[in-house]
Amino acid sequence: MKDKLRAGVIGMGVGVRHACGYLEHKDVELVAVAAKDDLHKVSEKCPGFTGKVYEDAYEMLAKEKLDIVSVAVPNFLHKEFTIAALESGAHVLCEKPMALNASEAQEMLDASKRCGKKLGINFSYRFYPQSQAMKSIVDEGLLGNIYYGRTVWLRRRGIPGLNSTARTYGTWFFDKKRAGGGPLIDLGVHRLDLALWLMGYPEPEWVMASTYDKLARRMAAENGVEYSVEDMACAMIKFKNGATLELDAAWAVNIKEREFQQTRIAGEKGGLFQYNVNEEKKYEIEYYYDIDGRQFDSRLHTLTDVPSAYSQFVDAVRDDKPFSVTPEQGVTVMRILDAVYKSAAEGAPVKIG
Ligand SMILES: NC(=O)c1ccc[n+]([C@@H]2O[C@H](COP(=O)([O-])OP(=O)(O)OC[C@H]3O[C@@H](n4cnc5c(N)ncnc54)[C@H](O)[C@@H]3O)[C@@H](O)[C@H]2O)c1
């Protein structure tokens with residue numbers, strides 16, 4: 001390769017992880033970042049950064065001739081910055097959730113096709129070694145036909161901003177118009193994508209769901225903050241191939257654990273289970289199988305490190321090969337989320353598509 005690829009990042013919250021990820025890759029140069037009031041974070045958190053900083057992301061796109069742009073801004077801005085970056089000639093790695101809803105996500109997918117540029121979605125939990133190990137077991141056919149899944153991310157009290165000194169309590173995360181929803185669209189998307197990916201992204205058919213706002217709305221009111229999203233969502237998703245997936249997500253629910261994440265899938269020949277340990281973002285996986293009527297359990301120990309989403313996106317652009325999280329998968333996730341919110345609002349099952 002003659003020259004390094006030129007990368008830029010919009011948004012300096014989780015965007016600093018993208019920036020640091022690009023700084024670590026030998027075939028890309030992080031030439032610029034854009035954000036509003038927290039541009040200083042790039043120099044604090046990514047000490048090797050020597051590029052330009054912009055308060056206007058459109059100016060960065062117009063001036064920098066970027067090959068790769070990460071979009072890591074509040075959810076309501078994903079569509080406009082992704083399409084602008086694609087139209088400027090860049091490949092885009094967009095944060096999750098892909099957009100506020102499926103119709104916005106579809107516009108982004110259409111734009112990537114129209115511009116002939118890659119669009120990846122940062123479902124970052126796929127890039128854990130435990131998730132990759134599960135996927136390779138599935139791909140080896142060791143589970144057989146997968147017909148059941150349960151995928152969960154619950155927090156006892158883990159409302160963005162409330163437990164963190166980094167943000168003021170009451171951010172865009174609580175505003176339905178800017179976030180699209182609460183823990184379902186924030187946390188649930190990760191566990192939903194993980195389960196769907198392991199299950200082979202089957203086509204969804206029906207959703208039956210409930211959402212609640214029993215705790216966080218009251219806590220927000222006590223702090224004088226508006227709160228217009230759910231604090232918990234529970235859903236059952238039925239697929240056209242007959243499989244069923246249960247999905248739960250909460251920022252606040254009265255359970256024992258501070259942080260509780262689990263994804264299990266089960267097939268005719270075996271099952272897999274991923275769970276977090278010590279209420280942290282550390283994971284174990286177990287594999288259950290059956291030989292001649294005898295049931296075995298095993299826990300996987302030696303797992304090889306997996307390159308980050310940022311690194312794999314650069315590789316995909318450099319070598320013109322597919323990136324593992326496709327915009328089509330992002331749209332499917334948004335179609336399911338739309339159906340969850342619709343079913344919860346109507347108190348009835350919702351047919352998708
Ligand atoms: N993949 C993950 O694990 C993960 C983790 C955290 C957040 N996220 C996602 O990343 C996105 C950002 O979340 P966050 O936690 O970083 O939020 P945040 O509020 O901490 O940061 C948002 C950033 O966007 C910038 N911004 C806002 N409006 C802008 C504009 N008009 N032009 C340029 N920059 C603008 C802000 O200055 C800030 O730097 C969300 O979609 C969130 O769901 C993903």
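Let's start at a helix contact. On the helix 8 side we have Leu 184, Ile 185, Val 189, Leu 192 and Leu 196. They meet Val 333, Met 334, Ile 336, Leu 337, Val 340 and Tyr 341 in helix 11. By class, that contact has eleven nonpolar residues, no polar ones and no charged ones. Keep in mind that this is a predicted model.

Now the geometry. Two packed helices are described by the angle between their axes and the distance between the axes. Helix 8 covers residues 183-198, and helix 11 covers 327-346. Their axes come within 10 Å and cross at roughly 125°. The crossing is right-handed.

Next, the sheet. How many strands form it, and in what order? Nine, in the order 14-13-12-11-7-10-9-8-15. The sheet is open, and the pairing is mixed. Strand 14 (294-299) and strand 15 (350-351) are the edge strands, each pairing on one side only.

What packs on this sheet? Helix 6, residues 129-139, does. It touches strand 7 (146-155), strand 11, strand 12 and strand 13 (283-291). Its direction makes about 175° with that of strand 12.

Back to helix 8. It lies across strands 7, 9, 10, 11, 12 and 13. Against strand 10 (244-250), helix 8 runs at about 155°.

Strand 11 (residues 259-267) and strand 12 (residues 270-276) run antiparallel, joined by five bridges. Take Ile 265: its bridge partner in strand 12 is Leu 272.

Technical notes:
Residues numbered from 1 in each chain as written. Predicted model: local features only at pLDDT ≥ 70, side-chain atom pairs only at ≥ 80, totals over all residues. Heavy atoms only, no water. Pairing = 2+ DSSP bridges. Helix = DSSP H or I, 4+ residues; strand = E, 2+ residues; numbered from the N terminus. Contact = heavy atoms within 4.5 Å. Axes fitted to C-alpha atoms, helices over the stretch in contact; angles between N-to-C directions. Left-handed = near helix turned anticlockwise from the far one by under 90°. Nonpolar A, V, L, I, M, F, W, Y, C, P; charged D, E, K, R; others polar.
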